[in-house]
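Let's take a walk through this model together, starting with a sheet and ending with a pair of helices.

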Amino acid sequence: MLFQNGKQERLDRTFLETETERLDRKVAKEGFAKLSTPERYLFARGLADLPIETLDELGSMTPMVKKAIQRLEKTDNRTYARVSANLLAPVVADGSVYGIDRSPLEDGPAAIFVPNVGGQYPVRGGTVGNRSRRVLGIQPPIGSFYVASWLGLLGVEVKAFNLELGDSEFEACDAALDQLGERCYFLFSTSNFFTQTEIESMYFLNEQCRRHEDRGYVPRLVGAGYSSYFNRREYLDYTPLDIVVGPHGETSEADMIFSSGYEGPRDTRPALELFSDIPNLHLADRTGDAVQVHDTRVVKLTEFERRVFSGGLDVNLMELDTKYWTPTNIMDVCAPDDLNIPLELAELPQIDEESGTDEAGRETGARARATLSLSNYVHRPNAIKMMTVFGSCPRACEFCQLTQWGEQLYFYDGSEAVRAMNRAASAYPDLQMYIFEDDDFLLRRSHVDSLISALRDNEPTQGKTIYVSTVPMEVDPDIMLDLRDVGFRAMLLGLETPVERVARQIGKFKARYNWDHILEAPKIGHDAGLHMRITAIPFYPLVQEDDLAGVLNGLLDFITYKTGISVAVHPLVKAAPGIEITKHGAHEVTTKPYVLPDGSERSIDLLQYVMPDDPIVKAVALEAIKTTADRVDSIVEALGTNGGDHPSALGVVALFASTVEAWRRTPGRNVDDEVLDALDARLKAAIDQITFKHRAMTDVQGALKGQGLNPASVSDYLTEENAPYLHLGLRMAADFGTPEEAVAAARIATFAQAEGFTDWTVQHSLGYALKRKMPLDVQRELTTLVEGLGEPVRPVIKQHAPKLLRLAQA
């Protein structure tokens, strides 16, 4: 037996030498990926525990791997986990990791991952927009899945739960604690923020860990992620945590299990005594009157470790088909709705998953999503979130935690990314969309080009769509069109503000980039047939009253561009732990006092939001935020949706309209009435345009429900001005609908073409839809219709502004 009740057995040196030599011969013959989990454990443990000279006697490893292990010895880091990473790296590189034995070590250690229930923000009905449209945003805790997968490769039995999913997930977590018993060494909880919710969650999870205290064993609760690290002093003092994992800590979590003095959940010795030799940890020192933080040494991840961590994701851990692909859940990159006013700021209750009404009689229950919804940015079908890093984010935005977290990226090439996508497609046959949550995506063009090349003839991903978040600096027509060819249909660009002075001071855009091109980038994507969305923080702390009209007008330029570019608005900067903008006292940060739930009567002031520096902008922002929800209701009532969904863009425009109204009433304002009048006129025109688009999408959806057999029902849209809206609806049906809806769209497109209205994006999307699996009779008709529409002609999209400032100035 290698383990008993999770504890490693002491292995005789002779036995370990014999097994290491035997397994070396097997690896040389069959490859490391062919070893079983116990064999991988024995081989890596031998290389970690036996004298380093043993390496010279083994012939299965490449010189590069041997040198990497020798470097571990020199830096006093030759542990089982770090040796394993060096052995696994070639397995990840050649793709054989997807066939590796992932069964846990028999009677070996186990760990549970539970992201802090406040860790995703906004979640569920956490915003005015979500509440108004009655949509729920559920995000898989992707970081936890990556770390859990890494430990799983080492033989740890891992379970991952997202308590935001509700009662069933609480019950499953309880059952796992019961089942794993004293083999469960740790409960890892990650979080991005430090609010009342996070604190109370830590106390709750601590109680869960003590579930079997009467039997003598208590798993250790460990904090990880941005919040725990940046607020490590507060977490170790104000919550039950004794251990916080810092940057580069993924391998350290494994070292705590396999390479520390910790003997499992019956071991009650202080964390400081047990783990002070493990790097990248922050431990509570409770030996004095006040809690002190003991920081262990920092050891950065090696390239091999980063590679294994990034490429070793076990997609089966996510349980997407049973937990996330439900009628009421929406998975997204940013948030389900564009109007991200936190309900706590608007003083509104949270959305309830169950049906009901609020005090004003408004329905609050979550609305089940239809098979296809044309009124909004993009339909979210069965999707998987992945981190596929192709570049290196500038990591300079003052409002972002990554700026201070440090860069720990592994740069995929295209073939590696496609192998990961194929594995997801194999695990989830009903998968329809990949979501790359990857700000770095476009910043290394050669890697993106290799992905496009690898995807062109890759069978498992054919017909599936891809949605990516990235930055606008490297957008150009060629790359947008090439991405469209291989299934990219939606893109989120982090813009934050249309005012150059503010954007430059935020730190997002380096001086070499041409601002005119940055503003043009979303429009290039739109013209290339992608559903574009940008992010915006209209009341960023640096925005002055003189900027505010430019902010609103600039964002309206996107909302009203042709058939519309979505603008996802986060009105204020949330004072997230560790962000640069909250340091040095340069800006006002609101706080909220909170009394700890431990009976000590101690309290803490929790950071909330960063206010605009300009007092006029601050007053306008707070008043607009309070009044937007009622304005949304009045606009939607006038729209007449009869309780159905409404365009999220209306919520954003409602915020802007509330902003102008609040601005008019603010004492001491410097803006002229004619500026406000012009904004009001633009907002009215924007509402009219969004309303027309909604009506067009409703009519197109009605024609689709009629199977496209009465295409004349949309004849009103066969004009130069209106046809783009018809084609948008047909394109969405082709991109995100069922095969039958694609056929209906093709029938309508055929009718429109006969009337002289053709759109290349519709032809292109219908042709791509043919690559999906569908009933034979549906495929035959769709093939005939697509052939009748003809081959789409790739357009010439003009880029008016060069990417680099020096070229613009030449």
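In what order do the six strands of the open sheet come, and with what pairing? The order is E12-E13-E14-E15-E16-E17, and the pairing is parallel. Strands here are DSSP E runs of at least two residues, and helices are H or I runs of at least four, numbered from the N terminus; two strands pair if DSSP finds at least two bridges between them.

Before going on, note that this is a predicted model, where local features need pLDDT of at least 70, side-chain atom pairs count only at pLDDT 80 or more, and totals for chains, interfaces and linings use all residues. Residues are numbered from 1 along each chain as its sequence is written, and side-chain values use heavy atoms, leaving out hydrogens and water.

At the edges of the sheet sit E12 (383–386) and E17 (566–569), each pairing on one side only. Inside the order, E13 (residues 433–437) pairs with E14 (residues 465–470) over five bridges in the parallel sense. There, Glu-437 stands opposite Ser-469 in E14.

Now turn to the helices. The axes (lines fitted to C-alpha atoms over the stretch in contact, with angles from 0 to 180 degrees between N-to-C directions) of H22 (residues 545–559) and H25 (residues 673–705) come within 11 Å and cross at roughly 20°. That makes H22 roughly parallel to H25, a term for angles under 35 degrees.

Residues in contact (heavy atoms within 4.5 Å) include Leu-552 and Asp-557 in H22, and Leu-679 and Arg-682 in H25.

Key
Angles under 35 degrees count as roughly parallel, over 145 as roughly antiparallel, 65 to 115 as roughly perpendicular and the rest as oblique.
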